[in-house]
Amino acid sequence: MTRPEPRSDLRGLEGYHSPQVDVDVRLNTNESPFAPPTAFVEEWLGALREAPLHRYPDRAVAKLRSALGTHLGADPATIFCANGSNEVLQTLLLAYGGFGRRAVVFEPSYALHTHIAEITGTDLVVGERRDDYTVDPDEAAKLIADSDPAVTFLCSPNNPSGTVEPLATIEAVLAATDGLVVVDEAYGEFAPQSALTIQADHDRLVVVRTFSKVWSMAAVRLGFCVAAPGIVALLDKVVLPYALSTPTQLAGELALGFTDEMARRVETLVTERERLRSGLEALDGLTVFPSGANFLLVRVADDGHALWQRLLDRGVLVRDFSRRERLDDCLRITVGTPDENDACLEAFAGALGEDAA
Ligand SMILES: *Cc1c(COP(=O)(O)O)cnc(C)c1O
């Protein structure tokens, strides 16, 4: 008997891997180090007790869209919500990518852009970033002219480099393509500028955001994008009906009542990021890249993987990109609580000292 044959283009597909190790200080996945506010959890549980769980959720996601519209100063008809921004990205590629269509990515960047392009049968065109990990707008325009992509991905701040893309680059990319330009702003709240400020001027610009990072809700799975109403209407048709559960919709709505507290957390994490940055820069053997996110990328002068292991031996887990193409000897460190960041700095100092010994 022959086995069912999967799509031939999926044969070489690699799964998404983000290995977890059970250690004291976990600074490897860019989550918030803080649990959501207790008052939020209480309100959410209270609302869930009242919710008609025997009924399908609101398919139009009306209340959450309206609350997000107020929060962002945007028309609710420009907002599409899904189970994490990864599902937003998947829905965008189901609608605009697919067989015979191309997506442009600039590497190194977030692995899921590439991965979701592959699983939706979208052909990939890979552009290179400059040595400082910014996108060269002229090179980008050339690549787009040559490849005529349906979708171009930018990521600002870029994961894993932390690089904030100038708005001028985003505008140059928009001017170069007839396709969609998707700016992944998973860390947008930590950055000094956002493509949200120019979204309404560009009907092909899609800005993607998430509740997974700043909002301390990675476990809930909620993300959204802001785009022209015509794009949002198509995404609504393409996504599975009732995709967003009632608990998820309620969580998003109620979380927006805690905007001030979240803004204070962003301030704390940005201050901590800069403290961590100067601490790491003071150590010999590390280059720290500028970051507008809640993480820092460092390049280790010596063997990045060996240092990663010595940090782990000291109970500090960071993300090892040392063997990824274009990220040789690089490690990515998520900003944690002040105590975790102290532990991280101490581990780096010790692990680098051990190297010198
Ligand atoms: C963490 C992250 C996301 C978040 O994905 P969710 O599905 O919303 O949890 C999206 N984009 C980038 C670049 C990220 O780093």
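Reader: Which atom of the ligand does Thr 210 come up against, and at what distance?
Author: A polar side-chain atom of Thr 210 sits 2.6 Å from an oxygen atom of the ligand. Keep in mind that this is a predicted model.

Reader: OK, what about Lys 213 and the ligand?
Author: An N or O atom in the Lys 213 side chain is 3.4 Å from an oxygen atom of the ligand.

Reader: How much of the ligand does the protein bury?
Author: The protein buries 94% of the 390 Å² that the ligand exposes when taken alone.

Reader: Switching topic: how many residues are in the largest nonpolar core?
Author: It has 59 residues, and Leu 280 and Phe 348 have the most contacts inside it. Helix α12, residues 338-356, gives the most to this core: six residues.

Reader: What is Phe 348 in contact with, leaving aside its neighbours within four places in sequence?
Author: Its contacts include Leu 280, Leu 283, Leu 286, Val 298 and Ile 333. Leu 307, Leu 311 and Leu 331 are also in contact with Phe 348.

Reader: And which residues does the second core include?
Author: That separate core has 27 residues, among them Ala 82, Tyr 96, Ile 116 and Ala 150.

Methods: Residues numbered from 1 in each chain as written. Predicted model: local features only at pLDDT ≥ 70, side-chain atom pairs only at ≥ 80, totals over all residues. Heavy atoms only, no water. Core = buried A, V, L, I, M, F, W, Y, C linked by side-chain atoms within 4.5 Å. Buried < 20%, exposed > 50% of the residue type's maximum accessible area, 1.4 Å probe, protein only. Helix = DSSP H or I, 4+ residues; strand = E, 2+ residues; numbered from the N terminus. Contact = heavy atoms within 4.5 Å. Polar contact = N/O pair within 3.5 Å; in protein donor to acceptor, adjacent residues only side chain to side chain. Areas by Shrake-Rupley, 256 points an atom, 1.4 Å probe, with all protein chains shown as cover.
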